[in-house]
Amino acid sequence: MKRIITRTLAAGAVATLALAGLTACSDDNGGGGSDAGSGGGSASGTVGVSMPTQTSERWIFDGNNTRQGLEDAGFEVNLQFANDDIPTQQQQIDQMITQGVDVLIIASIDGTALGTQLEAAAAAGIPVISYDRLIRDTENIDFYVTFDNFQVGVDQATSLISGLETHFAGVSPWYVELFAGSLDDNNAHFFWDGAMSVLQPRIDDGSIVVGSGQTTIEQGATMRWSQEAAQTRMENLITAHYGGGSGALHGVLSPFDGISRGIITALQNAGYGPTLADGLPVVTGQDAEVASVSMIDQGIQYSTIFKDTRLLAEQAVAAAVSFANGETPTPNNTTDYDNGVFVVPSFLLPVSIVNIDNIVVELVDTGFLTEEQIAAGVM
C-alpha cells in the first residue's frame, strides 16, 4: 500500500501539528462528502440537534453531516454546540423544547445530566435520539445510534499489540501505560472494557507490565477527553516511573486522537522518538482526526480507529424521519446498551483500524479525507 507523503518533520513542527486537529472544517466539507440521510425517506418539521463541542474535529463533522442530512430529508434544523459545558447544553435543549421541535438528537456531554430536559421532552411528546454517547439513568430516550464501542476498545488493544510486535519485537516484557476517556461518557467504559479484554491476559501473564501500576479506568481517565490533561498525565508518568525519559516505555493505550497527540507531545519532549523508527512508543487512537492521520502517515502515531460519522449521521436522520412519520426506527441491537433504567433499542455501526498501511483504502478511497488534507495535517 502506498504512502501518501514521505517527509521528515523536526520535533518542533511535530508539536505544532499535534495541535492542528482542533482546526474547524468548513460546513460544505462535512468530513469528506457525506450522503447523510440518503435512503432515510422524507419528512417535515424541526429537529433540534445538540452536539457537545466544537473543540474536536469529530464533533464538527457530526454536527455538519447530521444537519445536512436532516435538511435533505425535508426538516428544518436547530443545531447547537455546547462548548463542553453542561449548563449550556441543558439551556440549549430547554430552548429547543420551548420552541417546539418535533424530534431531538442529543450527543450528551454528561450522559446523566439531562434528566430534567428529557422529562420535559417526554411531556411534550418529543422523541429523543441519543447520538453516539448513551444517555443514562432515564426512561425518556427512544433510540440510540452509535458504533460498536466494545469492539473499538478491542481493536485499539489489538492494534497496540500489533505495533509492539512490529516495533519492539524480541523485547520482553513490554512496558505500557493505559489512558481512558472521560468517565461521564458512557462510551469510555465500553472502550476500556473492550481494550482490557485483550490486554488483561497479557498483564496477568507478565508479557505486558504497566510501569505505573495504574490499571483501573478511574486511574487512566481523562476528563472531557482533554489533550492538555493527557499531556500533563503522561509527563507525570514519565517523570515518576520512566526516569524522566531514560526508562523503557514501549506503548501507550490511547482512546482518542486528541489524547494521543497530547501523549505524543509529552513523549517527544521527554526524548522518545521522534518517530516509531527512532523508538517512539506505540500510541493508539480513535476518530481518524486529520492531524493524527497525518502523524500516522509520517510514522509517529501508530494507529487510529475509523468510525465513519457520515454513516452515523445517516442513521440518526433515518431514525428522525421514522419518528416524524409516526413510526418506530428498526434497531439492530436490543441487548447490550442498558442505560441503568432499561435496555435502549440501538443501531450499531462497524469500525476499522487505520495504520500506515491502509490509510488510502480506508480514508482516501472512501472520500473521508483527501491526500492533500492528510499531507497538510489540516482540513
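## Helix 6 and the largest cavity

Let's start inside the protein, with helix 6, which spans residues 186–204. This helix gives the most to the lining of the largest cavity, contributing four residues. Keep in mind as you look around that this is a predicted model.

What lines the largest cavity? The residues are Gln 156, Phe 179, Ala 180, Gly 181, Ala 188, Phe 191, Trp 192, Ala 195, Leu 253 and Pro 255. Sorted by class, eight residues of this lining are nonpolar and two are polar, while no charged residues take part.

## How much space is there?

Here is the general idea behind the search: rolling a probe the size of a water molecule over the atoms shows where empty space is left. With a cut-off of 30 Å³ or more, the count comes to one cavity. The largest cavity holds about 50 Å³ of space.

Six of them form an open sheet with parallel pairing, and their order is 2-1-3-4-5-11. Which strands are at the edges? They are strand 2, residues 76–81, and strand 11, residues 346–349, and each of these pairs on one side only. From one strand to the next, the twist averages 15°.

A handy pair to look for is Phe 147 and Leu 349: Phe 147 stands opposite Leu 349, which belongs to strand 11.

Technical notes
Residues are numbered from 1 along each chain as its sequence is written. This is a predicted model: local features need pLDDT of at least 70, side-chain atom pairs count only at pLDDT 80 or more; totals for chains, interfaces and linings use all residues. Side-chain values use heavy atoms; hydrogens and water are left out. Two strands pair if DSSP finds at least two bridges between them. Helices (H or I, at least four residues) and strands (E, at least two) are DSSP runs, numbered from the N terminus. Axes are lines fitted to C-alpha atoms, for helices over the stretch in contact, and angles run from 0 to 180 degrees between N-to-C directions. On a 1 Å grid over the protein atoms alone, a cavity is a set of points where a 1.4 Å probe fits but cannot get out, and a pocket is an open set with protein on both sides within 12 Å along at least five of seven lines; lining residues have an atom within 4 Å of a point. Grid points are joined across faces, edges and corners, and a volume is the space filled by probe spheres set on the points. Ala, Val, Leu, Ile, Met, Phe, Trp, Tyr, Cys and Pro count as nonpolar, Asp, Glu, Lys and Arg as charged, and the others, Gly among them, as polar.
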